[in-house]
Amino acid sequence: KFAGLVQLGDLSLPLRADGAPRALGDREYLIPSGSVTVVHPVEATEFFRHGWNSWSPSGWRHVGDAPLRIHGSPERLLTADDAKNDTPHAHSGSAVGAIALADGEILLLGALGLGAPRVGATATTLWGTVEEPDGEWFLARGPEQEVFTRYAQLVAERFGAREGRAGRVWCSWYSFYEHISEDLVRRTVADLADLPFDVVQLDDGWERSVGDWEANERFPSGMAATVRTITDAGFRAGLWLSPLIALPHSDFAVHRPDLLVQGTDGRPMVAGYNWGGPYYALDTTQEEVKAHLRELFTRVVGEWGFTYLKLDFMYAGALEGGRSEPVHREQAYRDAVALIRETVGDDVYLLGCGVPIIASAGVFDGVRVGPDVAPFWENAERPGDPTGVGAKNAFLASIHRSWLRPVFETDPDVVYFRRRRSLLDDDQRRLLEDLATVLGFKSTSDPVDWLADDEVLELRDWLERREEVAQLGRYVFRIDDRVVDLGPFV
Ligand code: 9PG
């Protein structure tokens with residue numbers, strides 16, 4: 001155990017930890033994993049809260065205000081954040097947190113390990129805990145962007161960072177939702193053919209059931225034929241799957257409930273809610289499940305020919321529950337993704353969605369860093385849910401994760417160019433465009449025949465541009481010669 005002072009530049013702060021801190025530089029320390037408390041020098045200030053999975057809320061809050069979290073719905077909390085470590089009356093988040101100091105600098109505590117690390121703050125302390133010790137803590141003080149970037153670089157060093165680049169992606173979800181078919185894909189792809197997209201990605205709607213990853217009746221020619229439709233037009237073929245979950249009525253869950261993570265009641269554990277009900281998680285520590293995942297991904301990549309995969313609802317593989325092997329939940333998750341990566345090889349682009357963020361470093365090429373966008377700004381039916389679909393929530397979460405760019409490509413979700421079938425005004429459309437430019441991931445779902453001529457031009461121009469982006473402040477960026485202040489939208 002350690003109790004003493006750490007020197008961070010001209011600040012001398014009391015620290016209690018499970019082991020002695022080791023100075024990295026003038027204003028940086030590595031501290032053994034475990035419990036950490038550091039007394040910070042400002043009374044009332046802001047705390048940076050980092051959400052556990054892709055959809056979880058991230059952002060700055062005044063310590064005197066109510067904590068940033070999902071309130072009022074245990075179902076939403078289970079699906080879109082780390083329900084096990086929720087602190088209804090205290091500020092806390094996953095893996096990393098920071099305090100804004102009076103001089104404009106920050107004090108950051110970030111985990112360089114798994115074990116569901118948690119970071120929180122009170123008016124006088126910044127604290128860290130873990131469910132299971134792994135790796136180390138990074139404690140640093142300095143200018144905001146510099147310190148976040150330094151943390152991201154250390155995460156990349158510890159977990160690895162991949163080279164995969166998505167390029168420009170067309171995704172079926174935010175126009176057609178589940179109503180896709182091979183005919184619709186054929187027509188849509190034909191219209192996209194002279195636009196500079198790299199990937200055409202089919203989203204949810206092709207499969208027999210979540211859990212049963214075979215083509216449904218709307219894809220009678222099979223998935224290999226649909227891949228040919230896409231690749232013949234000159235695009236990489238992408239596919240959505242949520243391989244670690246199964247719906248209760250799926251053949252998988254009905255026939256092999258023993259392969260699911262078990263609840264304390266001796267039934268499969270509910271891992272979250274979507275598609276109008278609960279879903280279960282596969283117990284990825286079982287040999288039969290590993291064999292199932294190898295077979296699935298060999299088929300999707302080797303037989304069907306997809307080279308870009310959006311793997312969704314992956315956090316379900318990182319929940320606490322009854323597994324056959326006693327491995328920590330975040331390690332079980334990472335092992336499962338590593339097995340998928342090993343099966344598909346290095347050249348397949350893996351986009352993680354609904355993934356635990358830090359545990360996905362080094363295994364995913366890209367990661368969704370916010371909740372779903374929608375063609376409207378706010379969802380009035382879901383007040384108090386910062387993970388509710390909508391452009392505002394997607395923007396707020398994503399912009400507070402742009403610092404993750406050294407770790408993987410950061411996907412803020414699609415940009416809308418269409419004015420029809422959308423309630424977004426021109427400023428909001430432009431905001432999503434700039435957000436995607438700043439985060440470095442360009443995608444849209446607009447079918448060409450939903451776009452007016454000037455909207456097609458705007459889309460083409462944006463896809464073709466290779467902007468220079470520089471960050472000038474927390475929400476201020478320079479995109480080529482234009483200074484863009486996103487602050488007014490926060
Ligand atoms: C397909 C969709 C799209 C989308 C994904 C994901 O928090 N939630 O309950 C929640 C549910 C669904 C959801 C996101 C969050 O959508 O993000 O892009 O692929 O699945 O079903």
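Colleague: Where is Cys353 found in this model?

Modeller: This is a predicted model, and in it Cys353 has a relative accessibility of 2%, which counts as buried because the cut-off for that class is under 20%. Cys353 and Ser242 are 111 residues apart in sequence and 9.0 Å apart in space, taken from C-alpha to C-alpha. As for its place in the fold, Cys353 sits in the loop between strand 23 (349-352) and strand 24 (366-368).

Colleague: Which domains give residues to the shell around the ligand?

Modeller: The ligand is surrounded by 18 residues, and the closest of them are Arg76, Tyr174, Asp203, Asp204 and Asp372. Residues of this shell come from both domains, so the ligand lies between domain 1 (2-159) and domain 2 (169-489).

Colleague: Which element supplies the largest share of the shell around the ligand?

Modeller: At least two shell residues come from each of helix 1 (74-80), helix 3 (173-176) and strand 20. Sorted by class, the shell holds nine nonpolar, two polar and seven charged residues. The largest share, three residues, is supplied by helix 1.

Colleague: How much of the area that the ligand exposes when taken alone does the protein bury?

Modeller: Several side chains come within polar reach of the ligand: an N or O atom in the side chain of Arg76 is 2.7 Å from an oxygen atom of the ligand, and for the side chain of Arg368 the corresponding distance is 3.2 Å. A polar side-chain atom of Asp372 lies 2.5 Å from a ligand oxygen atom. Taken alone, the ligand exposes 450 Å², and of that area the protein buries 93%.

Colleague: In what order do the three strands of the open sheet stand?

Modeller: Strands of a sheet pair through backbone hydrogen bonds, and the pairing can be parallel or antiparallel. Here the pairing is antiparallel, and the edge strands, each of which pairs on one side only, are strand 19 (245-246) and strand 20 (270-274). The order of the three strands is therefore 19-21-20.

Colleague: Which residue of strand 21 does Ala246 stand opposite?

Modeller: Strand 19 pairs with strand 21 (residues 277-281) in the antiparallel sense, and two bridges link them. Across this pairing, the residue opposite Ala246 is Tyr280.

Colleague: Which residue of strand 9 stands opposite Phe47?

Modeller: Along strand 6, Glu46 and Phe48 point one way while Phe47 and Arg49 point the other way, and all of these residues are buried. Strand 6 pairs in the antiparallel sense with strand 7 over four bridges, where Glu46 stands opposite His62. Strand 6 also pairs with strand 9, again in the antiparallel sense, over three bridges. In strand 9, the residue opposite Phe47 is Ile99.

Colleague: Which side chain is joined to that of Ser56 by a polar contact of 3.4 Å?

Modeller: Ser56 belongs to the loop between strand 6 (46-49) and strand 7 (59-62), and its relative accessible area is 0%, so Ser56 counts as buried. A polar atom of the Ser56 side chain lies 2.7 Å from the backbone oxygen of Ala80. The contact of 3.4 Å between side chains joins Ser56 to Asp81.

Colleague: With which side chain does the side chain of Glu182 make a polar contact?

Modeller: Glu182 is placed in helix 4 (residues 182-192), and its relative accessibility of 9% is why Glu182 counts as buried. At a distance of 2.7 Å, the side chain of Glu182 makes a polar contact with the side chain of Ser221.

Colleague: What is the phi of Ala95?

Modeller: Most residues other than glycine have a negative phi. Ala95 lies in the loop between strand 8 (91-94) and strand 9 (96-100), and with a relative accessibility of 6% it counts as buried. Ala95 is a residue other than glycine with a positive phi, and the value is near 70°.

Colleague: Is Tyr177 buried or partly exposed?

Modeller: Tyr177 lies in the loop between helix 3 and helix 4, and although Tyr177 is not a glycine, its phi is positive, at about 50°. The relative accessible area of Tyr177 is 31%, and because the class between 20% and 50% is neither buried nor exposed, Tyr177 is partly exposed.

Conventions. Residues are numbered from 1 along each chain as its sequence is written. This is a predicted model: local features need pLDDT of at least 70, side-chain atom pairs count only at pLDDT 80 or more; totals for chains, interfaces and linings use all residues. Side-chain values use heavy atoms; hydrogens and water are left out. A residue is near a molecule or strand if one of its heavy atoms lies within 4 Å of it. A polar contact is a pair of N or O atoms within 3.5 Å; within protein, one must be able to donate a hydrogen and the other to accept it, and residues adjacent in sequence count only if both atoms are side-chain atoms. Accessible areas come from the Shrake-Rupley method with a 1.4 Å probe; for residues, only the protein chains shown count as cover. Ala, Val, Leu, Ile, Met, Phe, Trp, Tyr, Cys and Pro count as nonpolar, Asp, Glu, Lys and Arg as charged, and the others, Gly among them, as polar. Domain bounds come from an automatic or database domain assignment. Buried means under 20% relative accessible area, exposed over 50%, partly exposed in between (1.4 Å probe, protein chains only).
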